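Subject: Structure handover

Hello,

Here is the structure we talked about. Please open it alongside this message; my notes follow below.

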Amino acid sequence: MTGLLTAGSLLLIVPLLIVGFVWVTYNSLVTLRNRVREAWSDIDVQLKKRYDLLPDLIETARKATAVDEQILTKVTELRSRAMEESAKGVSPEERSKVEGEISSMVRDIKVQVEAYPDIKSHQELVNLMDKVTEIEEKIAYSRRFYNGNVLSFNTKIEVFPNVLIADPLGFKKEKFFEASEGEREDIKVDFKN
Amino acid sequence: MNIYEQISSNKRKTFVIMLGFIIFISSLGYIFGEVWLGQGAGISIMVFALIFSSFAAFFSYFFSDKAVLALAHAKKVNREASPMVYGILENLCIGAGIKKVPDLYLLDDTAINAFATGRDPDHAVVAVTTGAIDRLTKRELEAVLAHELSHIRNYDIRLMTIVVVLVGSVSIMANIMLRSRISGGDKKSVGGWIVLIGFLLALLSPIIAQLIKLAVSRSREYLADASGALLTRDPQGLASALEKIAADTEPLEVANEATAHLYISNPFKKGNKVMFANLFSTHPSVEERIRRLRSM
């Protein structure tokens, strides 16, 4: 009689425990995934600000004939490609390639502007450059926040026992938004003093 | 301890301190009522003290940040007034996922120091001295602000700020009582009670010290150093800022005993209130913090 009772209660308790586990895990995974998406939209906001600023920069640099025409054409082209991708909602991993190229082009422009301090409308160029640099910093920080969130989400779906139910419930690993090479060095400017 | 444990521990400790304050003041009221007003008056004084201390605790939860800022003579600045500092703060908030950029306050003082206050990330303030802005590099300033943002994110600010006001008001009361006992001309007082109060007052100071230590354990500073460094990806930046602060011999004029533990580094320099600094040591030694940062 008692054996029957124990078996009966086990039959009841075990499924309840499993349902409870799935419930809790599902909810926390949804929360984490939403955080990743929110963080991604933060990056997107900064990238869009950069799209808005780039034409001004390119135009001014072209008028001052301070920067290689090739670079300017390339940036214009990359910008429209990036905007297309943004509108289409391409994955962060894909977006990071074009955006990273833009970042390194912007650095090239900066170097050239700094190399010729006597060109006309130099001050205007420097001011624009400062604005772009400010946005580059914000992109770097929002990328860091995004990647941090991706890391905690990916870890959460990979640990046992979550790994057993993450895939069937439709949770896939999120992709990092990679930094382009040398970006970090560019932000830390004053090492000397 | 990770950041999430730190957050819940801070919220718990805040509650315990507020509750402890109410209980402490109420029982103090009871004892004084019994002693000075005679048998039976203790209860009514206790009720009064209970209402008073609950109100004080409630008030300090919402307004202690204002009190702290007023104590430090801090002035609010906007983006236009200080674009560089504001820009750094904004960047760090993006990196930390803090939606609302904290209000920025300046302390007109040549010493290098900073603190954060408020009750949660949505009601937070970061204050820096003008000395810090002038004498730290952008990289070092970024590291210092990241340290302060970590205090905000960990809810250290809520606990530390409430401690300032509650512990401060206890010590003011203790002072008043101590004086009234010394100059007390109340001849009809019962001898036994006077002795007891004497003991109670003697006990007060170490209790206050203990409260502060409870609230501002050294691990809190290490954790803020570490998570600040994680935010900037640059522990060396904070290490060199701390080195500069350590080498700075200038004391921060506006700091006092009650607010000392809020600052990134002990605002009292050598030769200035050394006794106090050693007794409470609200901050771990700068050397140790630098050593830990250098080894990251």
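In what handedness of crossing does helix 2 of chain A pass helix 3 of chain A? The crossing is left-handed. Keep in mind that this is a predicted model.

Helix 2 of chain A covers residues 69–88. Its axis lies 10 Å from that of helix 3 of chain A, and the packing angle is about 155°. Angles over 145 degrees count as roughly antiparallel, so helix 2 of chain A is roughly antiparallel to helix 3 of chain A. From helix 2 of chain A, the contact takes in Ile71(A), Lys74(A), Val75(A), Leu78(A), Arg79(A), Arg81(A), Ala82(A) and Glu85(A). Helix 3 of chain A answers with Glu94(A), Arg95(A), Val98(A), Glu99(A), Glu101(A), Ile102(A), Met105(A), Asp108(A) and Ile109(A). By class, that contact holds 9 charged and 8 nonpolar residues, with no polar ones.

Now the next pair. Helix 3 of chain A spans residues 92–115, and helix 4 of chain A spans residues 122–158. They pack at about 150°, with axes 11 Å apart. Helix 3 and helix 4 of chain A are therefore roughly antiparallel. Here too the crossing of helix 3 of chain A past helix 4 of chain A is left-handed. On the helix 3 side, Ser103(A), Val106(A), Lys110(A) and Val113(A) take part. They meet Leu125(A), Val126(A), Met129(A), Val132(A) and Glu136(A) of helix 4 of chain A. This contact of helix 3 with helix 4 of chain A counts 6 nonpolar, 1 polar and 2 charged residues.

One residue of helix 4 of chain A deserves a look: Phe153(A). Is Phe153(A) buried or exposed? Phe153(A) has 23 C-beta neighbours inside 10 Å, so it counts as buried. The cut-off for buried is 20 or more. Leaving aside residues up to four places away in sequence, Phe153(A) touches Leu32(A), Arg33(A), Val36(A) and Glu174(A). Leu32(A) is 121 residues from Phe153(A) along the chain, yet their C-alpha atoms are separated by 5.7 Å.

**Chain B: overall**

Chain B has 296 residues, and 43% of them count as buried. It contains 11 helices and 4 strands. Take the contacts in chain B between residues at least 6 apart in sequence: 70% of these join residues at least 24 apart.

**Chain B: the sheet**

In what order do the 4 strands of the open sheet in chain B run? The order is 1-2-4-3, with mixed pairing. Strand 1 (74–77) and strand 3 (114–120) of chain B are the edge strands. Each has a single partner strand, so one side of each has no neighbour in the sheet. From one strand to the next, the twist averages 25°.

Strand 4 of chain B covers residues 123–129. It runs antiparallel to strand 3 of chain B, and 6 bridges join the two. Within strand 4 of chain B, Val125(B) stands opposite Thr117(B). Helix 5 of chain B lies across strand 3 and strand 4 of chain B. Its angle to strand 3 of chain B is about 25°.

**Chain B: helices 3 and 5**

Helix 5 of chain B also packs against helix 3 of chain B, at an angle of about 50° and with axes 10 Å apart. That makes the two oblique to each other. Their crossing is right-handed. Helix 3 of chain B contributes Val85(B), Ile88(B), Leu89(B), Leu92(B), Cys93(B) and Ala96(B). Helix 5 of chain B contributes Leu141(B), Glu142(B), Leu145(B), Ala146(B), Leu149(B) and Arg153(B). The contact of helix 3 with helix 5 of chain B has 10 nonpolar and 2 charged residues, and no polar ones.

**Where the chains meet**

How many residues of chain B are in contact with chain A? There are 10, and they touch 12 residues of chain A. Helix 3 (83–96) and helix 5 (138–153) of chain B each supply at least two residues of that side of chain B. The largest share, 6 residues, comes from helix 3 of chain B. By class, the side of chain B that touches chain A has 3 nonpolar, 5 polar and 2 charged residues.

Best wishes

Key. Residues numbered from 1 in each chain as written. Chains lettered and ligands numbered in written order. Predicted model: local features only at pLDDT ≥ 70, side-chain atom pairs only at ≥ 80, totals over all residues. Buried ≥ 20, exposed ≤ 12 C-beta atoms within 10 Å, placed from the backbone. Contact = placed C-beta atoms within 7 Å. Axes fitted to C-alpha atoms, helices over the stretch in contact; angles between N-to-C directions. Parallel < 35°, antiparallel > 145°, perpendicular 65-115°, else oblique. Left-handed = near helix turned anticlockwise from the far one by under 90°. Nonpolar A, V, L, I, M, F, W, Y, C, P; charged D, E, K, R; others polar. Pairing = 2+ DSSP bridges.
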